[in-house]
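Hi everyone, thanks for coming.

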Amino acid sequence: MSAGAARRPPFALALQSQIERRLATHQQRQPLAQRWLDDGRIESEAGPVYDFCSNDYLGLARDPQQAQALASAAQQYGSGAGSAHAVCGHHLQHQRLEADLADWLGRPRAVLFSSGWSAALGTLDALLGRHDLCAQDRLNHACLLDGAKLAGSTLKRYPHADAAAARAILQEHRGRRAMLVSDGVFSMDGDSAPLAELAAVSADEQAWLMVDEAHALGVIGEQGAGSANAAGLRAELVPVLMGTFGKALGGFGAFVAGSELLIDTLINQARPHLFTTALPPAWASCMRAAVERVRFSEALRDALTHRIERFRSRSAGLGLPLMDSASAIQPLILGAQTRALRWEKALLEDGFAVKAIRPPTVPEGSSRLRITLNVRQPMSAIQRLLETLARLLDDDPDAMAERQNAS
Ligand SMILES: Cc1ncc(COP(=O)(O)O)c(C=O)c1O
């Protein structure tokens with residue numbers, strides 16, 4: 001070290017103090033290794049527990065038919081793509097999956113990505129530049145917010161589901177190219193974006209609308225085609241449609257669907273598509289089977305809808321502070337992290353895996369249980385979960401204090 005040079009601050013010390021800060025504020029995460037049991041439950045330290053936390057809404061991630069589709073595709077196509085799409089990794093199965101997706105969603109074309117995260121980053125970075133504007137719902141998924149930042153665009157977040165506020169932002173920045181970006185169904189709140197209104201705003205303001213259908217695909221809309229479809233929006237009104245395989249389709253990976261012009265641009269300019277190994281062709285083949293299944297299986301969607309309706313109608317009478325959501329994501333707001341963690345633990349001990357969602361994933365003071373419904377849950381388990389939640393509410397010291405203050 002030259003004389004007088006400042007000492008470089010050590011990494012380890014900084015990381016350790018960040019961990020301590022997270023521990024002190026109950027924000028430290030520690031993933032536990034899970035094992036699925038044959039009956040669809042999860043093996044946990046408290047014994048077998050029902051899954052009320054995954055995004056496997058239609059149960060396909062653990063479906064024997066889907067596992068079989070993957071195994072036989074692997075026999076045929078091997079385990080890997082061998083390179084990026086642009087080199088020699090673009091297999092016939094990728095091409096067919098992209099065509100199936102385009103057909104399902106009524107778009108001219110689609111392009112695959114390795115994950116929803118890379119689809120969002122790649123798309124926004126390819127489309128936006130530093131002179132452009134990106135208006136986003138404040139509760140959009142982190143990958144959409146990060147995509148706009150990565151692109152160097154001006155990111156403006158409007159209050160949740162407030163189309164008038166989105167319009168005001170776009171009007172304030174007339175003369176700049178702009179995108180309006182929203183989740184279709186919000187991942188932590190479970191409610192739907194006002195897509196018809198957002199589409200009207202983006203048409204009036206000549207901004208491209210991008211909808212992330214991660215939690216809507218397979219579940220909402222005709223043939224499960226998502227929330228833009230459910231809102232009756234023509235393809236031209238939603239030029240950028242993103243979907244993921246990691247939720248109702250029971251796999252992983254993602255895609256963007258749209259015009260020839262859009263997809264050609266992404267194939268050439270979306271860096272997480274260009275410079276990464278393509279999904280295994282066997283995987284693409286398996287996802288083709290999942291698309292076919294989800295698209296034409298109304299019975300699966302009906303089974304999910306039945307569970308959502310049962311859960312909501314029975315919870316209404318129990319006074320549970322559920323958010324207003326018609327989707328498979330049913331958040332129960334508890335406020336403080338400690339309270340959400342206490343309920344998570346009590347539920348686990350009673351046989352239910354439900355996750356406490358805390359800041360920074362959700363805003364400070366809005367920690368919650370993110371209860372998710374899926375078709376593998378027996379109705380009796382849903383009923384028992386509701387009874388347990390009602391009991392926790394009755395016994396909860398914070399709820400008692402709230403009741404006393406109110407009386
Ligand atoms: C709304 C939304 N978009 C995108 C993603 C990212 O998708 P993936 O898990 O495929 O990276 C998620 C993941 O949870 C999500 O909830």
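Let's start with Phe 252, which is partly exposed, with a relative accessible area of 42%. For the terms: buried means under 20% relative accessible area, exposed means over 50%, and partly exposed is in between, using a 1.4 Å probe and protein chains only. Trp 283, with a relative accessible area of 12%, is buried.

A word on the source: this is a predicted model, where local features need pLDDT of at least 70, side-chain atom pairs count only at pLDDT 80 or more, and totals for chains, interfaces and linings use all residues. Residues are numbered from 1 along each chain as its sequence is written, and side-chain values use heavy atoms, leaving out hydrogens and water.

Now, how many aromatic pairs are there? The count comes to four, where rings of Phe, Tyr and Trp (its six-membered ring) pair if their centres lie within 6.5 Å, with planes under 30 degrees apart called stacked, over 60 edge-to-face and the rest tilted. One of them is Phe 245 with Phe 255, a tilted pair at 5.7 Å centre to centre and 35° between the planes. Both Phe 245 and Phe 255 are buried.

Back to Phe 252: with Trp 283 it forms a stacked pair, 4.9 Å centre to centre and 25° between the planes.

There is also one aromatic cluster, formed by Tyr 50, Phe 52 and Phe 352. Over the face of Tyr 50 lies Arg 41, at 5.2 Å from the ring centre.

Technical notes
Lys NZ or Arg CZ within 6 Å of the ring centre and 35° of its normal.
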